[in-house]
Amino acid sequence: MKAFVVKGPKEYSVELIDIPKPLNNEVLVKLETSGVCHTDLHIANNDWPRQPKYPMVPGHEGIGIVTKIGPNCKKIKVGDRVGIGYMFSACGQCEYCVGGKEILCPSRVVTSLTKPGTFAQYTIGNEDYVLPIPNNLDILGGAPILCGGVTSYKALKQANLKVGDYVAIIGIGGLGHFAIAYAKAMGLNIIAIDINNKKLESAKNEGAHYTFNANYFSLVEQIKSITNGGVHAVINTSVATNSAILGMSILRRAGKQVLVGVPPKDKNNKIEFPLSILATISGEQQVLGSVVGTRQDTKEALALGEKGIISKVGQVISLEQIGEVFEKLSKGELIGRAVIDFRINK
């Protein structure tokens with residue numbers, strides 16, 4: 001089969017490799033579509049402190065048809081259409097798994113980072129963690145829901161907002177576009193922030209009520225004026241470290257910043273930003289982290305996808321074009337999500 005193989009940081013190509021065999025409760029999935037996530041670029045370039053295991057096949061937003069099942073499979077059958085997301089499996093026994101937060105399981109296994117991902121014609125999934133795909137879901141725009149969509153959806157859930165609240169979405173890439181769509185459905189007042197005016201124009205078209213270029217000199221004052229003191233929450237999908245500083249500066253009292261986007265590591269192998277302890281205490285502000293979503297979060301996001309909340313697809317590509325997309329992502333030039341369509345070259 002053809003697969004996009006990463007052999008080292010910024011060293012990748014499309015190669016022919018063996019089709020994997022499903023063991024135990026695993027399933028073999030023939031991919032139809034797969035989103036390209038910014039995380040794939042970070043992993044492929046070794047941008048984060050955690051060292052990837054090379055060679056590897058990235059990708060964790062795949063939809064396809066089950067063609068084989070392992071000997072212990074009892075729930076999934078050949079012919080089922082399933083989604084393969086960020087989490088390959090978890091232990092099912094720890095406090096996080098039994099408490100409905102399996103994404104925090106210390107023993108979780110991650111698709112693409114520790115298991116081959118969806119940038120290939122076939123991949124392996126765990127029958128307990130692949131997701132059934134709704135019959136009416138557009139599988140091209142729906143594939144990115146499996147990471148980008150559910151990540152933005154869960155982040156908004158974490159913010160615990162109510163209808164009419166102000167939310168600022170920093171970073172209008174794949175996650176940012178999803179966040180705008182979900183925020184619109186939740187009845188929120190949406191402020192979109194980016195440094196790319198084309199992305200801001202796209203955000204406006206998608207439903208943002210206000211848009212600001214982050215380089216605008218009176219940005220903070222303008223937002224505080226519009227919102228009568230600051231936004232109720234920031235959903236920060238940006239991969240720029242200083243965006244977290246901006247996020248804190250536009251919060252109102254008791255506001256929350258939910259960190260979602262992960263910047264590249266700095267020269268000290270760290271990813272951090274300075275925080276004013278006094279301002280955070282006196283304003284009773286909160287900083288939250290939100291990592292992808294649980295299986296239940298993903299099912300909810302897929303159900304919304306069936307109702308039309310899907311990815312803004314900026315580019316439909318083949319495996320051979322992933323390198324070009326990585327280049328656009330690294331420059332912040334991609335508007336919407338790039339999605340691989342394996343059906344193009346049948």
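## A strand and a surface patch

V316 sits in strand β16, which covers residues 313-317. The model is predicted. V316 counts as partly exposed because its relative accessibility is 38%.

V316 also belongs to a nonpolar patch on the surface.

## Two packed helices

Two packed helices are described by the angle between their axes and the distance between the axes. Here the pair is helix α5, residues 174-185, and helix α6, residues 197-206. They pack at an angle of about 25°, and their axes are 10 Å apart. Angles under 35 degrees count as roughly parallel, so α5 is roughly parallel to α6. The crossing of α5 past α6 is right-handed.

Side chains of opposite charge can pair when their charged atoms come close. The model has 14 salt bridges. One of them joins the side chains of E61 and R337, at 2.5 Å from N to O.

Are E61 and R337 buried or exposed? E61 has 0% relative accessibility, so it counts as buried. R337 is buried too, because its relative accessibility is 4%. The cut-off for buried is under 20%.

K77 and D80 meet through their side chains in a salt bridge of 3.0 Å, N to O. K77 is exposed, with a relative accessible area of 53%. D80 is buried, with a relative accessible area of 18%. That value is under the 20% cut-off, so D80 counts as buried.

Another salt bridge joins the side chains of E327 and K331, at 3.4 Å from N to O. Both residues lie in helix α11, residues 322-331. They are four residues apart, about one turn of the helix. E327 is partly exposed, with a relative accessible area of 43%. K331 has 53% relative accessibility and so counts as exposed.

## A salt-bridge network

Which residues are linked in a network of salt bridges? They are K157, D297 and E300.

Conventions. Residues numbered from 1 in each chain as written. Predicted model: local features only at pLDDT ≥ 70, side-chain atom pairs only at ≥ 80, totals over all residues. Heavy atoms only, no water. Patch = residues over 30% accessible without salt bridge, like charges linked within 9 Å, V, L, I, M, F, W, Y side chains within 5 Å. Areas by Shrake-Rupley, 256 points an atom, 1.4 Å probe, with all protein chains shown as cover. Salt bridge = Lys/Arg side-chain N within 4 Å of Asp/Glu carboxyl O. Helix = DSSP H or I, 4+ residues; strand = E, 2+ residues; numbered from the N terminus. Buried < 20%, exposed > 50% of the residue type's maximum accessible area, 1.4 Å probe, protein only. Axes fitted to C-alpha atoms, helices over the stretch in contact; angles between N-to-C directions. Parallel < 35°, antiparallel > 145°, perpendicular 65-115°, else oblique. Left-handed = near helix turned anticlockwise from the far one by under 90°.
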